[in-house]
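Dear colleague,

Please find below the structure that I am handing over to you. My notes on what was found in it follow directly after.

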Amino acid sequence: MQEDNSTKIFIITNFLFFGDTLLTNTLCHNIKKYYPNSKIIFITSKPFKEAAQYQKYVDEAYELDKRGEHKSIRSLYKFAQNFPYKDKIYAVFVMNANDRGILLAKFLKAKHIISSCKKFKKIFLTENQTNNCGLIHMQDLYANYIRALTNEEPEIVPIEYITPKTEDKFIENITNNFDLKKTVALCTTSKLREKDMPVDTAIELIRKLKEDGKTIFFYGAGKIARNYADELKRKGCLEFVDLTDVTSISQMARLLEQSEALISVDTGTLHLGNAVKVPTVAVFYKQDLIEKWAPRAELYKTITVSTNLDATGIFNAYKKLLA
């Protein structure tokens, strides 16, 4: 079932995390597949607007400050009233049955409101996407939302992030000072400590990469990442370029896509690496999360490490990835 109605406007809302925002891109692909002349608009949490707006197939992106300006129902209603496409929206896909997203879709008077609800919230929907068809991976589950409108199986393709090629003195300084082809990106922290790389493992891994002639760019955001970088330095590990809280999402994407490889724990940076096609080593300390979140080897150049999680095991996976 393929339509070419140019007037259809679709909205995707995803207010969770960085990685979730990126993994929704496969749904964007499927919308364009079945509605090729449609307009796709992404509404996401304030910190992740850049993760949405430069995705392939996304035409526009808006941020919703759920902890500040748009925290109350009244402010959410005002956001909807001032939204440029109000009353013209064909469908809103509300990822993860988010209360705020469902309410926003109602305020926007969308013709179709699609989510996956098992509780009372389903009464607010026009289509309740509860048939996951045995799918487990989050990328597949997000893509499967298209089934509610098309009754078709979604096409699972790689997520894609199109980095903006704007003039940027920060990027220019980095590219002038480092040979990015010999750069390995490293992300060791997430939002959950049990998923993070032990500090001593990171120190040994950085040493091995340095001995291999690589420059290590260390990425992270927030207090946990800052404290982690400080701990590395306190322990005498100084052979990395600390980019914690330094880059925007689009700046990090531009650096990642020019790097030799990315080594990352299970967090949004891992998925951004996939989206810009950098070879990735995905390091999973919680094996129960692999089936749901690990990059799919048939879609990306990637190796998932879940055993032999010491520095040697991770380094060997990196060498195998690039062999």
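**Pockets and helix packing**

The second largest pocket is lined by Asn96, Ser116, Gln129, Asn132, Met138, Leu141, Tyr142, Asn144, Tyr145 and Lys292. Please bear in mind throughout that the model is a predicted one. The space in this second largest pocket comes to about 160 Å³. Helix H6 gives the most to its lining, with 3 residues. Sorted by class, the lining of the second largest pocket holds 4 nonpolar, 5 polar and 1 charged residues.

The largest pocket has a volume of about 1000 Å³. It is lined by 44 residues, and those closest to its centre are Phe17, Phe18, Phe48, Lys191 and Thr267. Several helices each supply at least two residues of this lining: H1 (18-23), H6 (138-143), H10 (223-234), H11 (249-258), H12 (268-275) and H13 (290-293). In terms of class, the lining of the largest pocket consists of 20 nonpolar, 13 polar and 11 charged residues.

I turn next to the packing of the helices. Two packed helices are described by the angle between their axes and the distance between the axes.

The crossing in which H4 passes H5 is right-handed. On the H4 side, the contact is made by Ile73, Leu76, Tyr77, Phe79, Ala80 and Gln81, while H5 contributes Arg100, Leu103, Leu104, Phe107 and Leu108. The contact of H4 with H5 comprises 9 nonpolar, 1 polar and 1 charged residues.

The pair H11 and H12: both of these helices also supply residues to the lining of the largest pocket. Their axes come within 9 Å and cross at roughly 55°, and H11 and H12 are therefore oblique to each other. This crossing, too, is right-handed. Ile249, Met252, Ala253 and Leu256 of H11 meet Thr269, Leu272 and Gly273 of H12. By class, the contact of H11 with H12 has 5 nonpolar, 2 polar and no charged residues.

The pair H9 and H10: helix H9 spans residues 199-211, and H9 and H10 pack at an angle of about 65° with their axes 10 Å apart. H9 passes H10 in a right-handed crossing. From H9, the residues in the contact are Val199, Ala202, Ile203 and Ile206, and from H10 they are Tyr228, Glu231 and Leu232. The contact of H9 with H10 divides into 6 nonpolar, no polar and 1 charged residues. H10 is also among the helices that supply at least two residues of the lining of the largest pocket.

One further residue deserves a note. Where does Ser306 lie? Ser306 is found in the loop between strand E12 (302-305) and helix H14 (311-322). Leaving aside neighbours within four places in sequence, Ser306 is in contact with Phe284, Gln287 and Ile290. Ser306 and Lys286 are 20 residues apart in sequence, and their C-alpha atoms are 7.7 Å apart in space.

With kind regards

Notes:
Residues numbered from 1 in each chain as written. Predicted model: local features only at pLDDT ≥ 70, side-chain atom pairs only at ≥ 80, totals over all residues. Heavy atoms only, no water. 1 Å grid on protein atoms, 1.4 Å probe; cavity = no way out; pocket = protein on both sides within 12 Å on 5 of 7 lines; lining within 4 Å. Points joined across faces, edges and corners; volume = space filled by probe spheres on them. Helix = DSSP H or I, 4+ residues; strand = E, 2+ residues; numbered from the N terminus. Nonpolar A, V, L, I, M, F, W, Y, C, P; charged D, E, K, R; others polar. Left-handed = near helix turned anticlockwise from the far one by under 90°. Contact = heavy atoms within 4.5 Å. Axes fitted to C-alpha atoms, helices over the stretch in contact; angles between N-to-C directions. Parallel < 35°, antiparallel > 145°, perpendicular 65-115°, else oblique.
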